[in-house]
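Subject: Structure handover

Hello,

Here is the structure I promised to pass on.

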Amino acid sequence: MKARSLRWRLTWVSVKCVLVAWLIWLGCQAWQLSRAHYGFWDESQREVASQILESMPDGLKLLPARERPALPAGQRDHKMSWQVWVKGNNVVYSIAAPDEPLKPDFRDGFARRTISGQVWHVYSLTDPRRGLTVQVGRSKEMIANEVARWIGLSLLAAGLIFVLFVLTVWVVIGRSLRPVAALREALRARQPLDLTPLQAPGLPTEFSPLVDAFNDQLTRVDQAVQNERRFIADAAHELRTPLAVLSAHADLARRAATEEERNTALRRLSAGVSRAARLSEQLLDLARIDAAVASPTLAPLDLAPLLVLVVRDFETLARERHQRIGLRTEDGRIRGDVDQLGILIRNLVDNAVRYAGEGGRIEVMCRRDVRDGVGGIALCVADDGPGVPAAERESIFHRFYRANGGAERGSGIGLSLVARIARTHHATIHVDDGLDGKGLAVTVFFPAV
């Protein structure tokens, strides 16, 4: 379907509305005229007869009878014919008035009669004191000519007004849409990555919601672009060191002089690969959350089964480190996104396993709780590792922040993901001492459904 311009559509709709309204008005006027024309013409004939009678001088009865001259060619009465009679003599008359009386009985009032094959509407008025009788009349042809003349003038006036209206609407709409054209040119002149909000002074108010929605979209696109740039920079920065370490271990294994040196280098290389894989996974999680909508779709779900699945994934790693993982769960439903909650639980457990140390103990608990009068589910992951100083506990949720101490150096991404996901789920995070007063305990409280 071919799209027409907004200017053309607005003009065409306005013209059609005015045209329909004008035709309805014209029909009503014609109908009203057809019903009331006799009353209107009766009044005009009465006024004309009265004015003629008052304008006649005294002494007309003394005028002698005379023969009426022949009617000049092409001469006729246009609106009405009239006669002045004195004692049966037609002493004064319009140029094309009939020879015979318009109203032969000379009685005052209106009458309808046929003269020379035409229907006439006549009126007679008498002045008894002076003996004068004035008769005025309109033939059917006169009435038709006058109606045609009225319609012609009305059509001419309406046509001129209509043309003027169309031109006015076209010009006004064109001027009103000039800011839209200016906005289009401003967009064309922009650089490809210029995502600053549009400024549209003078734009019609009807277009303001569209510009506001477009600016909101520009803001979201700009945020997405910034997130992508930040992710690329962060990934490049974070992967640079692990890749350099992997290269160094591989070089050591290649140049090892003994089997024991080679095995040691290969174990370090394997551990470095695991760390790099974990870092890559966290960076991908970070990218997925950055690319997700601001408010993910939250649906009712049970947190306990998800917790069991994630903890089982870490049993092998914990066994290699001679660690014990305890799991206690209670049934309870919250509103959440399964994928994001999986990332949150995985990073909490991973953080505890990696920092609990060799032979450490980890407890994962999911229980019903009440915080500030609100019932919900508290997810707690606690360990008995070295822990985090109280002064640094607020900072560990910042992106790429690494706490001091500990045998293992983290990426600084895992807990920042936990904090972001908690915010999107309207959850709160509490950090306390871990098991037996040692280590770290991170509790995430989710409001219940």
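Ala-97 sits in the loop between strand 2 (89–93) and strand 3 (109–115). This is a predicted model, so please read everything below as computed from it. Is Ala-97 buried or exposed? Ala-97 is buried: its relative accessible area is 7%, and the cut-off for buried is under 20%. Its contacts, leaving out residues up to four places away in sequence, are Arg-68, Asp-77, Ser-81, Trp-82 and Gln-83. Take Ser-81 from that list. Ser-81 and Ala-97 are 16 residues apart along the chain, yet their C-alpha atoms are separated by 5.1 Å.

Next, the hairpin. Strand 3 and strand 4 (118–127) pair in the antiparallel sense, over seven bridges. Thr-114 stands opposite Val-119 of strand 4. Two residues lie between the strands of this hairpin. Ser-116, in the turn, has a positive phi of about 55°.

Five strands make up an open sheet, in the order 7-9-10-12-11, with mixed pairing. Which strands are at the edges? They are strand 7 and strand 11 (428–433), and each pairs on one side only. From one strand to the next, the twist averages 20°. Inside the sheet, strand 10 and strand 12 are antiparallel partners over seven bridges.

On to the cores. In soluble globular proteins, nonpolar side chains tend to be buried together. The largest nonpolar core here has 39 residues. Those with the most contacts inside it are Leu-303, Leu-344, Ile-345, Leu-348, Leu-379 and Phe-446. At least two residues of this core come from each of helix 6 (303–313), helix 8 (338–356), strand 9, strand 10, helix 9 (414–424) and strand 12 (440–447). Which element gives the most? Helix 8 does, with nine residues.

Beyond residues up to four places away in sequence, Leu-303 touches Gly-332, Ile-334, Leu-341, Ile-345, Cys-366, Ile-377, Leu-379 and Phe-446. There is also a second, separate core, of 14 residues. Met-56, Val-91, Tyr-123 and Leu-132 are among them.

Then the helix pair. Two packed helices are described by the angle between their axes and the distance between the axes. For helix 8 and helix 9, the axes come within 9 Å and cross at roughly 145°. The crossing of helix 8 and helix 9 is left-handed. On the helix 8 side, the contact residues are Gln-340, Leu-341, Ile-343, Leu-344, Asn-347, Leu-348 and Asn-351. They meet Gly-414, Leu-415, Leu-417, Val-418, Ile-421, Ala-422 and Thr-424 in helix 9. How do the residues of this contact divide? Nine are nonpolar, five are polar and none is charged.

Helix 9 itself is mostly covered, with eight of its 11 residues buried. Those are Gly-414, Leu-415, Ser-416, Leu-417, Val-418, Ala-419, Ile-421 and Ala-422. After helix 9 comes His-426, with a positive phi near 55°.

Another loop residue belongs on your list. Arg-393 lies between strand 10 and helix 9. Arg-393 counts as buried, at 15% relative accessibility. Apart from residues up to four places away in sequence, Arg-393 touches Val-388, Val-431, Asp-432, Asp-433 and Leu-440.

Last, two backbone points. His-322 has a positive phi of about 60°, although it is not a glycine. His-322 lies in the loop between helix 7 (315–320) and strand 7 (324–329). Its relative accessible area is 57%, so His-322 is exposed. Asp-372 is not a glycine either, and its phi is positive, about 55°. The loop holding Asp-372 runs between strand 9 (361–371) and strand 10 (374–383). Asp-372 counts as exposed, at 83% relative accessibility.

Best wishes

How values were computed. Residues are numbered from 1 along each chain as its sequence is written. This is a predicted model: local features need pLDDT of at least 70, side-chain atom pairs count only at pLDDT 80 or more; totals for chains, interfaces and linings use all residues. Side-chain values use heavy atoms; hydrogens and water are left out. Helices (H or I, at least four residues) and strands (E, at least two) are DSSP runs, numbered from the N terminus. Buried means under 20% relative accessible area, exposed over 50%, partly exposed in between (1.4 Å probe, protein chains only). A nonpolar core is a set of buried Ala, Val, Leu, Ile, Met, Phe, Trp, Tyr and Cys residues joined through side-chain atoms within 4.5 Å. Contact means heavy atoms within 4.5 Å. Axes are lines fitted to C-alpha atoms, for helices over the stretch in contact, and angles run from 0 to 180 degrees between N-to-C directions. A crossing is left-handed if the near helix is turned anticlockwise from the far one by less than a right angle, and right-handed if clockwise. Ala, Val, Leu, Ile, Met, Phe, Trp, Tyr, Cys and Pro count as nonpolar, Asp, Glu, Lys and Arg as charged, and the others, Gly among them, as polar. Two strands pair if DSSP finds at least two bridges between them.
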